[in-house]
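Please read the following report alongside the sequence and the three-dimensional view.

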Amino acid sequence: MLWVLLVLQFMFPMAPGCVVEERIALMRIRSSLVEANSDVPPSWGRSDDCCSWERVRCNNNTRVSDLNLDVLYIPLSNSATSGCSWNMNFTMFSSFHELQLLDFSLNSACFQSFEGLQELTKLRYLNLSGNYLIGDNILESLDLPSLEVINIELCRMSGALQSSALKNLKNLRELYLGYNQFNGSIPAFLFELPRLEYLDLSGNLLQGLQITSSSNLQSSLRELHLQSNQLNGIIPASLFELPRLEYLDLSENLLQGHTIPISSSSNLSPSLKILDLSANNLKGLFDFFWLRNCTMLQRVDLSGNTDLTIDVKFHGRVPPFQLRELALSGCKLDNSIIAGPNFLGTQSHLQTLDLSNNNLTGSIPSWINTRTLVYLNLANNSLAGSLNLMWQYQSNLEMIDIAMNRLVGQLPTNISLVFPNLTALNASYNIIFGHLPLSLCNISILFVDLSNNKLTGEVSNCLFTDCSSLNVLKLSNNNLGGSILGGASNLSIGTAIYLDSNNFKGALPNNLTDNNFEGPLPNCDSKLTLRFLNMSSNTLSGFLNAFCNSTKAGISLGGISRRASVNSRSGFYGIDFYLDHDCPPFSYSIVYDLQGFTFSTKGNLYTYGRSFFTLMSGIDLSANMLSGEIPWKIGNLSHLKSLNLSHNSFTGQIPATFANMSAIESLDLSYNQLRGPIPWQLTQLWSLEVFSVAYNNLSGCIPNSGQFGSFNMESYMGNANLHNLSQGNRCSPIPSPVEGADVGEVSADRSFTLPLLPHSYSHSGQLLRSCSAFHLGSV
């Protein structure tokens, strides 16, 4: 071995600022990165001084002290594989005897054990998050007393946390074990580590806490993150007795019990800043007076505990704390929070307030107009009275949700001056009347929902063309009028437009291409980021070709139908923001987790919740006055599950390209003026469950193979020249539901479809073979 080192030293002569043994080790790591097709720091190997290489830091003794090797492996975007991408061994790091920091996070590498790290007796910081630690009981092999910070989140570890693991890490200050698959109970020894200040076990499958008293708990613990597990039973009282605790998050668990182990006599830490008990099954009473000694308190979230009664009276006293975030959505919230008395009028630093889903009554309280508010949510209550109090100048307010109340009033004409930083406004399902203020176009707003109100007048085209930041515009179910889309063609809205159930008039624009949708809106050749275009229950006319006249985009889910409807909240829109620049910063995530999207498909109305994007995609253009031939390019929308073109005036033939819609489950072409045969290619649609071409002018034979063998005659009624396929491949007339009904003239130039054969014949015997983009003309 000695002669090998001598040879290597000859090859890599000693240079100032670098130890040859460590330079050789770095080159071995470089070779492993190259073999894994990872990014290799360009400077590695270019000079002899490895202390000058990127991502390497040396101490005063020219020994490597820090290695920042995070995010070197980037999986190929078209890779279909998931999981372990390449193997790595910690023995490659054993030569760095003075290493204090090792960051190898987010590299998707596989480690079987921690063998090789034992030599790193000075290692203080270890970050392996975003890799794979797949060895059995692998944590038991991590025995480095020098470690102060360990981050092994998102490492696909599973099983129970063994009591022997990590037990000897007496210097450990921060431990991140979140978002693995640990199960069982949280062992008590984690709370006994003498210097531990930060413990994160969030996002696992843990079910219990092995803590019976506070006598063995260390006083150093400041932050405890246990959210998103399966913790059940009663919250251990000892958690509230940790003397230095600043952050306690038990949200999104299964905790229950009729009493929360806090009372007026509890010894809560005066340092407590964050208390999050949201999304559990807690019952009984929570009295804010219990927190009277928490002088540093900044955030309280009790949302989603539907049987938890909240007392905000505070015994008529002024609390010693100033909250920045208060979330009490979906609790048993006493109406005194509106009518008083309560302590909220004393909170002059409040930035986030969520009182939604509480059936609160009365009018909007005057204390709501604190100039510090950034996010306000009063949705889904029974608030009534004037909105005037809401329209006071608030320069910091970014998000307002007052939907589903009974508030009355008009939008302020100078809304851009009242709320200059507004990014989201949801005032749907109220009694807002008057006109849309023109100054709304002067705000860099992302989301506007004013649906289900009493708005009147025309919508300025600037709302469709000049609001480059606007992603969602919902004006459904008002009394708005004027030209559809304000007569605009070059739209700037990026994701969704809802204009249904208004009084808009006129033809659809001839060209909606070349817009700001990351692709034109909507054509039929590829996917489009626009997800909704709902203009139902208006008086629209024109040709569907207006939506299919370019070559770059498609549509995911939309409707221009009188029968499609949209509830007030569609559960897909989220915004994250930082409340301020404190260290550490406090972030707040708002997701419009609302009632769902109601869409007509399979002959019924279905409501899709927050995950409907993964469940449903479709187009509903029914019940308008659209005319012309159905564009064959619609068949290229292979992801569609529902297509409804019924109750229009479409002519021509059913495009054979519909056979390309491999995911289609519901296809409704009824009540049009379509003619010709039902293309045999449609028998290849194995997902098709509901099909209707009733009341057209179709002719020829009804296919009976594939899914078509399951459809009854109601799918075909009202087509006098459409026949059953009987024995011997001959057609027999289908019964007419209304004798003597006028189904229109049928061309003598008929075509008969024989679905048992892989082609179709015209009357002249000419063979017509199908292709994926073949437009069947008149035959």
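The sections below describe selected features of this chain.

## Basis of the description

This is a predicted model, in which local features need pLDDT of at least 70 and side-chain atom pairs count only at pLDDT 80 or more, while totals for chains, interfaces and linings use all residues. Residues are numbered from 1 along each chain as its sequence is written, and side-chain values use heavy atoms, with hydrogens and water left out.

A search of the whole structure finds 3 disulfides, a disulfide being a pair of cysteine sulfur atoms within 2.5 Å. One of them joins Cys18 and Cys50, whose sulfur atoms are 2.1 Å apart, and with 105 degrees about the S-S bond this link is right-handed. The pair connects distant parts of the chain, 32 residues apart, with Cys18 in the loop between α1 (2-11) and α2 (20-35) and Cys50 in the loop between α2 and β1 (56-58). Helices (H or I, at least four residues) and strands (E, at least two) are DSSP runs, numbered from the N terminus. Cys18 has 2% relative accessibility and counts as buried, and Cys50 is likewise buried, with a relative accessible area of 0%; buried means under 20% relative accessible area, exposed over 50%, and partly exposed in between, with a 1.4 Å probe and protein chains only.

Another disulfide joins Cys51 to Cys58, with an S to S distance of 2.0 Å. The torsion about the S-S bond of Cys51 and Cys58 is about -95 degrees, so this disulfide is left-handed. Both Cys51 and Cys58 are buried.

## The disulfide of Cys441 and other cysteines

Cys441 and Cys462 also form a disulfide, with their sulfur atoms 1.9 Å apart. The torsion about the S-S bond of Cys441 and Cys462 is about 65 degrees, so the link is right-handed. This pair, too, links distant parts of the chain: Cys441 lies in the loop between β31 (431-434) and β32 (447-449), whereas Cys462 belongs to helix α5 (residues 462-465), 21 residues apart. Cys441 is buried, with a relative accessible area of 14%, and Cys462 counts as buried at 8% relative accessibility.

For the sulfur of Cys467, the closest cysteine sulfur is that of Cys441, at 4.4 Å, which is too far for a bond. Cys467 counts as buried at 3% relative accessibility, and Cys294 is buried with a relative accessible area of 0%.

## Two open parallel sheets

Strands of a sheet pair through backbone hydrogen bonds, either parallel or antiparallel. Here, two strands are taken to pair if DSSP finds at least two bridges between them. An open sheet of 3 strands has the order β3-β5-β7, with parallel pairing. In this sheet β3 and β7 (132-133) stand at the edges, each with a single partner strand, so one side of each is left without a neighbour in the sheet. Strand β5 (residues 109-111) runs parallel to β7 and is joined to it by 2 bridges, and Cys110 stands opposite Tyr132 in β7.

An open sheet of 3 strands, again with parallel pairing, has the order β9-β11-β13. Its edges are β9 (158-160) and β13 (205-209), each with a single partner strand, so one side of each has no neighbour in the sheet. Neighbouring strands of this sheet are turned by 10 degrees against each other on average, direction ignored, where the axes are lines fitted to C-alpha atoms, for helices over the stretch in contact, and angles run from 0 to 180 degrees between N-to-C directions. The parallel strands β9 and β11 (residues 181-186) are joined by 3 bridges, and the bridge partner of Ala160 in β11 is Asn183.

## A nonpolar surface patch

Val71, Ile74 and Leu106 form a nonpolar patch on the surface, with about 260 Å² of accessible area together. Accessible areas come from the Shrake-Rupley method with a 1.4 Å probe, and for residues only the protein chains shown count as cover. Patches are made of residues with over 30% relative accessible area and no salt bridge, with like charges joined within 9 Å and nonpolar side chains (Val, Leu, Ile, Met, Phe, Trp, Tyr) within 5 Å; a salt bridge is a side-chain nitrogen of Lys or Arg within 4 Å of a carboxyl oxygen of Asp or Glu. Ile74 lies in the loop between β2 (64-68) and β3 (86-87).

## Positive phi at two asparagines

Most residues other than glycine have a negative phi, and most peptide bonds are trans. Asn37, in the loop between α2 and β1, has a positive phi near 55 degrees and counts as exposed at 66% relative accessibility. For Asn477, phi is also positive and near 55 degrees; Asn477 lies in the loop between β34 (472-474) and β35 (479-483) and counts as partly exposed at 28% relative accessibility.
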